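Open the model in your viewer and keep the selection panel at hand. This tour moves from one selection to the next.

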Number of protein chains: 2
Amino acid sequence: MKIDPNNATDLSAQIAKAIRDEIIAGRLIVDQRLPSEAELAEQFDVSRSTVREALKRLAAQSLIRTQRGATGGAFVNRISFEEAYAQQITTSTLLLSMNAVSFETACEARFALERSCAALCARRRSAAHLAAMRAEIHRQAQPGLTDEAFCASDVSFHRALVDGAANPVLSYQLAGAVEAMQPLMNMITFTARDRARIIALHDRIANAAEAQEGAGIAAGLTALEEETQSLAAGVFAARAARSPQE
Amino acid sequence: MKIDPNNATDLSAQIAKAIRDEIIAGRLIVDQRLPSEAELAEQFDVSRSTVREALKRLAAQSLIRTQRGATGGAFVNRISFEEAYAQQITTSTLLLSMNAVSFETACEARFALERSCAALCARRRSAAHLAAMRAEIHRQAQPGLTDEAFCASDVSFHRALVDGAANPVLSYQLAGAVEAMQPLMNMITFTARDRARIIALHDRIANAAEAQEGAGIAAGLTALEEETQSLAAGVFAARAARSPQE
DNA sequence: CAAATGCAAATTGTCTGACATATGAAAATT
DNA sequence: AATTTTCATATGTCAGACAATTTGCATTTG
């Protein structure tokens, strides 16, 4: 593990990279303790503050965790699916909001990815997944539900569908796609008639899942995609007509 | 933006979270300059070192960038698709290697996700995408290619397929799934016969893409998944028979 | 002897103050 | 007017100190 003091990039970034590379290469393994900050400072020939900044960078990526006290220190962290979900969602959300990704593009990607779960979900969905989907459908039909709560329930419905595929890697990858759409969906106002159509499609999807028909789930998702796209197109067109400054 | 000095968690983590939340909520917008470290230290009533550690955490997530000099400072960063790719790949790779995800599970997820591009790729693939796929197939057939180079070319082939869908969100989401598989694939040794079978399937997929037949691409991917799974099963069985300690 | 207590050591977390370095803008010079 | 110099501002790095937390060990106590 070496760094170059003449390199223009920050020493703390170089040190973080050096340690990160060790972890990725498997030379530092899960739960292994890193040298103490003082030792690292000596090894890299930098001050303790610089080492600390490097460690904070790694901590921000959940690559290490720290513990105080006599037997404390920095330990290589086992990245859990939960932590990875959270990071994925944050990144995906910001990516969409900062890069002016159109609703259309994001929506297309989201449903394309979700359809990839259809066959597996049909084959493996448990009663619990089915119950979760039904529960969300029921919630969505409640009168007086705010648009935000409706969207949140929508996300939960789709999460249940995805989790039904019983593949944690798939769930992880789709967390970003499904959840990152929520801020975009929240920009839409749903009329009672809109909601009814969406709920009907959810019901169709849940029925297909119950009957374990993958093609039915996929078809339901495609119909839902078309519904969502035309809904959004309507909302954006109306908005553009009202304030035509751009 | 407030922090709680009595909270057990690190002040730098609290400050990072406070600023991160501002960015996510859109109250700090892209390219906006944050207060200087000294000002932030005063605002949060902490030392400059603590502020710096917080800023390094945010920099590690590409949420800010810093610049030295008179008009320098920390600026809210527009997360690019490239940066997001890289982070996604790092996280996905570590997630798989650290959580003992089976080859089977990862492979299943990867091909399920990739099939979601089939229809879009068939519709939109350009001549350049097709040429890229053909070029990789050609490279894969070269004699004397190492297993690692073969795998790298395999990844490039699939990247071309995914990019053919012409949806940047889809490409981003799939980067993790496709690339994170590479370390797992590298554990496999490919005989000449194995390679020939894989190349034949790649050819089948490229032909379907050329003919713009989405179903053909999907079918080719499914066949490739089966081939990969049986290949891996064989390798792992042989390895287990040789060293049956676990 | 067992349990509670106290203490020392190790380690991270935070603070203070200083200097190095980079950079842009203003001032001085040609 | 163009160029050079100076200066103010900001981040990057360092050194040293103390606070807070945790563990292990020795000591005391029941």
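Select α5(A) and helix α12 (residues 214-242) of chain A; they pack at an angle of about 170 degrees, with their axes 10 Å apart. Helices here are DSSP runs (H or I, at least four residues) and strands are runs of E (at least two), numbered from the N terminus. Axes are lines fitted to C-alpha atoms, for helices over the stretch in contact, and angles run from 0 to 180 degrees between N-to-C directions. α5(A) and α12(A) are therefore roughly antiparallel. Angles under 35 degrees count as roughly parallel, over 145 as roughly antiparallel, 65 to 115 as roughly perpendicular and the rest as oblique.

Now show the side chains. From α5(A), pick F103(A), E104(A), C107(A), F111(A), E114(A) and R115(A). From α12(A), pick A218(A), L221(A), E225(A), T228(A), Q229(A) and A232(A). These residues make the contact, where contact means C-beta atoms, placed from the backbone, within 7 Å. By class, the set has 6 nonpolar, 2 polar and 4 charged residues. Ala, Val, Leu, Ile, Met, Phe, Trp, Tyr, Cys and Pro count as nonpolar, Asp, Glu, Lys and Arg as charged, and the others, Gly among them, as polar.

A note on the model: it is predicted, local features need pLDDT of at least 70, side-chain atom pairs count only at pLDDT 80 or more, and totals for chains, interfaces and linings use all residues. Residues are numbered from 1 along each chain as its sequence is written, while chains are lettered from A and ligands numbered from 1 in the order in which they are written.

Next, select helix α1 (residues 11-24) and helix α3 (residues 48-60) of chain A. Their axes come within 8 Å and cross at roughly 55 degrees. α1(A) and α3(A) are therefore oblique to each other. Residues of α1(A) in this contact include L11(A), I15(A) and I19(A). Among their partners in α3(A) are V51(A), A54(A) and L58(A). The contact of α1(A) with α3(A) has 8 nonpolar, 2 polar and 3 charged residues.

At what angle do α2(A) and α3(A) pack? The angle is about 105 degrees, with the axes 8 Å apart. α2(A) and α3(A) are therefore roughly perpendicular. E37(A), A38(A), L40(A), A41(A) and F44(A) in α2(A) meet R48(A), V51(A) and R52(A) in α3(A). This contact has 5 nonpolar, no polar and 3 charged residues.

A residue is near a strand if its C-beta atom, placed from the backbone, lies within 6 Å of it. Two or more residues come from each of α1 and α3 of chain A, and α2 (37-44) and β2 (73-76) of chain B.

Of the 24 residues around DNA strand C, L11(B), V46(B), S47(B), G69(B) and A70(B) come nearest. α3(B) gives the largest share of this surface, 3 residues.

Finally, color the two protein chains separately. The contact takes 40 residues from chain A and 41 residues from chain B. α4(A) supplies the largest share of the chain A side, 8 residues. That side divides into 21 nonpolar, 12 polar and 7 charged residues.

Key
Contact = placed C-beta atoms within 7 Å.
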